[in-house]
Amino acid sequence: MEQKKIDTALEDDKLMVEQLFSKEALVNYDKSAYDVPASYFETFPEKLQQRITNNKPKVFFLTPIGKMAIAAIFIFVVSSTFIFLNSSADKNLTLSAISIQDISNDEIEAYVNANEWIADIDWQSEEFKPDTEVEQFYKDSID
Amino acid sequence: MQSDQELILQFQQSIQREQNFTQLVKKHQAKVYHQIKRMVNDHDDADDIAQMVWIKIWNKLDGFKMESEFSTWLFRIAYNETLNFIAKQKRQGSNTSSTDILDYENTASHTDAPKSSEIQIKLDQGIKQLPEKQQFVFMLRYFEEYNYEKIASITGTTVGGAKANYHQAIKKLEEFLKKS
């Protein structure tokens, strides 16, 4: 039923043109589109493949397997970089812990003695720092 | 003979890509070529556009999701390539269509009976003066006998838009006949 309706519409549409121009004229018009050199369609696929092959460096396509492979490589590179960075950070921490333990007491004392004035300044600054909590306690008790 | 869907699936799965693609070309090349030739009237131009269309198909076939018919997609690319070609020619100031008409007039006057050739020339000129989109719709409907749904998908319009294009084309042809 639907097909018949479509066909009727098509017939009506074609008739509109055929009332203006003869059917023969329309058929002849279309004939020019069918004028092709001998064996054109036989040689066309081969000619096309040659052109595609020549353009191949520009052509970039990915098969589903190729996409999966690239995704896997990407995940591998990211995860291995992450693991490598984490493990090297741990190594640094261990190394620094060991190096502190390895320093002898004499060396530490010599360092402190040499830099005693830094410690003095730190203490002085602590001494002059107003103890707000204590001051507040005194104020509250006076009131 | 394998269906379009089977050929495309095998192509996408990298099974004998070139062979499957060639099968697709062999199945559809004539229809695409004829439609392009109707628009440009010159074999070399039609051949060039047809090659560009198939190269685009080759490049994009992996991403084709088969939501529409392959032939609809193919004709849509052909439609775009043909219109781009014509627009490019117009920008370059090429006047091939008018020379084609003159050639046609000369050959027609020698071959056909006077009355018949006169109608032929008018038809040719009438179709040439239509906007490209209307020409394309007119040819798909009259010569290829496509339904409006398919024409709408090819030209990227609605069914109503495709119908309107066809009827406007007929109206313009009628007006052209009256004027001449």
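## Chain B at a glance

Helices here are DSSP runs of H or I at least four residues long, strands are runs of E of at least two, and both are numbered from the N terminus. With that in hand, chain B reads α-α-α-α-α-α-α-α-α from its N terminus on: 9 helices and 0 strands.

A quick word on the source: this is a predicted model, where local features need pLDDT of at least 70, side-chain atom pairs count only at pLDDT 80 or more, and totals for chains, interfaces and linings use all residues. Residues are numbered from 1 along each chain as its sequence is written, while chains are lettered from A and ligands numbered from 1 in the order in which they are written.

Chain B has 180 residues, and 33% of them are buried (20 or more other C-beta atoms within 10 Å of a residue's own; 12 or fewer is exposed, in between is partly exposed, with C-beta atoms placed from the backbone). Two residues are in contact if their C-beta atoms, placed from the backbone, lie within 7 Å. Take the contacts in chain B between residues at least 6 apart in sequence, and 57% of them join residues at least 24 apart.

## Where the chains meet

Chain B puts 32 residues into the contact and chain A puts in 30. On the chain B side, at least two residues each come from helix 2 (17-40), helix 3 (43-60), helix 6 (114-128), helix 7 (132-142) and helix 9 (159-179). Helix 2 of chain B gives the largest share, with 9 residues.

## Two helices crossing

Helix 3 of chain A (residues 40-54) packs against helix 2 of chain B at about 140°, with the axes 10 Å apart. (Axes are lines fitted to C-alpha atoms, for helices over the stretch in contact, and angles run from 0 to 180 degrees between N-to-C directions.) The two are therefore oblique to each other, since angles under 35 degrees count as roughly parallel, over 145 as roughly antiparallel, 65 to 115 as roughly perpendicular and the rest as oblique.

Among the residues making this contact are A:Phe41 and A:Leu48 from helix 3 of chain A, and B:Glu18 and B:Val25 from helix 2 of chain B.

## A look at B:Gln23

B:Gln23 also sits in helix 2 of chain B.

Leaving out residues up to four places away in sequence, B:Gln23 touches B:Gln2 and B:Leu7. The C-alpha atom of B:Gln23 is 9.3 Å from that of B:Met1, 22 residues away along the chain.
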